[in-house]
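Hi,

Here is the structure I said I would pass on.

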Amino acid sequence: MKKVLFILMLITLLSLPIIAQTYQASKVIDGDTIELSNEEWIRYIGINAPELRNGIPDPYSQEAFEANRNLVDRERSIP
């Protein structure tokens, strides 16, 4: 049992550099979605903002977009 646990811990430690990657937010898509520097899109959990990218923007979608952009810009400015 100790041998199996040791092997699992070793595999976990060796795979950490692959798992722990960081990316910058490169673009704000709308009030609850951003694009990362690796071109993946991230949608926030627990936030349902009005959609901006539909044919006709939902009410308050521009305000939600601006709020998200302000949050992302504030995070970028922290060293």
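To start with the surface: the accessible area of the chain comes to about 6500 Å², and 64% of that belongs to carbon and sulfur atoms. Areas come from the Shrake-Rupley method with a 1.4 Å probe, and for residues only the protein chains shown count as cover.

Before you dig in, some housekeeping. This is a predicted model, where local features need pLDDT of at least 70 and side-chain atom pairs count only at pLDDT 80 or more, while totals for chains, interfaces and linings use all residues. Residues are numbered from 1 along each chain as its sequence is written, and side-chain values use heavy atoms, with hydrogens and water left out.

The fold first. The chain has two helices and three strands, in the order α-β-β-β-α along the sequence. These are DSSP runs numbered from the N terminus (helices: H or I, at least four residues; strands: E, at least two). Of the 79 residues, 22% are buried; buried means under 20% relative accessible area, exposed over 50%, and partly exposed in between (1.4 Å probe, protein chains only). As for contacts (heavy atoms within 4.5 Å), take the ones between residues at least 6 apart in sequence: 29% of them join residues at least 24 apart.

Now the inside. The largest nonpolar core consists of six residues, namely A25, V28, I34, L36, F65 and V72. Strands β1 (25-30) and β2 (33-36) and helix α2 each give two or more residues to this core. By nonpolar core I mean a set of buried Ala, Val, Leu, Ile, Met, Phe, Trp, Tyr and Cys residues joined through side-chain atoms within 4.5 Å. Setting aside residues up to four places away in sequence, A25 touches I34, E35, L36, V72 and R76.

Apart from neighbours within four places in sequence, N68 is in contact with V28, D30, G31, D32, T33, I34 and Y44.

On to charges. The whole structure has three salt bridges, each one a side-chain nitrogen of Lys or Arg within 4 Å of a carboxyl oxygen of Asp or Glu. R43 pairs with D32 (3.1 Å, N to O). That pair links distant parts of the chain, with R43 in strand β3 (residues 41-43) and D32 in the loop between β1 and β2, eleven residues apart. R43 also meets E51 in a salt bridge (3.3 Å, N to O), and D32, R43 and E51 are linked in a network. D32 is buried at 0% relative accessibility and E51 is buried at 14%, whereas R43 is partly exposed at 42%.

The remaining bridge joins R69 and E66, with the closest N and O atoms 2.5 Å apart. Both lie in helix α2, three residues apart, which is about one turn of the helix. R69 is partly exposed at 34%, and so is E66 at 26%.

Finally, F6, I7, L10, I11 and L14 form a nonpolar surface patch with about 520 Å² of accessible area together. Patches here use residues with over 30% relative accessible area and no salt bridge, joining like charges within 9 Å and nonpolar side chains (Val, Leu, Ile, Met, Phe, Trp, Tyr) within 5 Å.

Cheers
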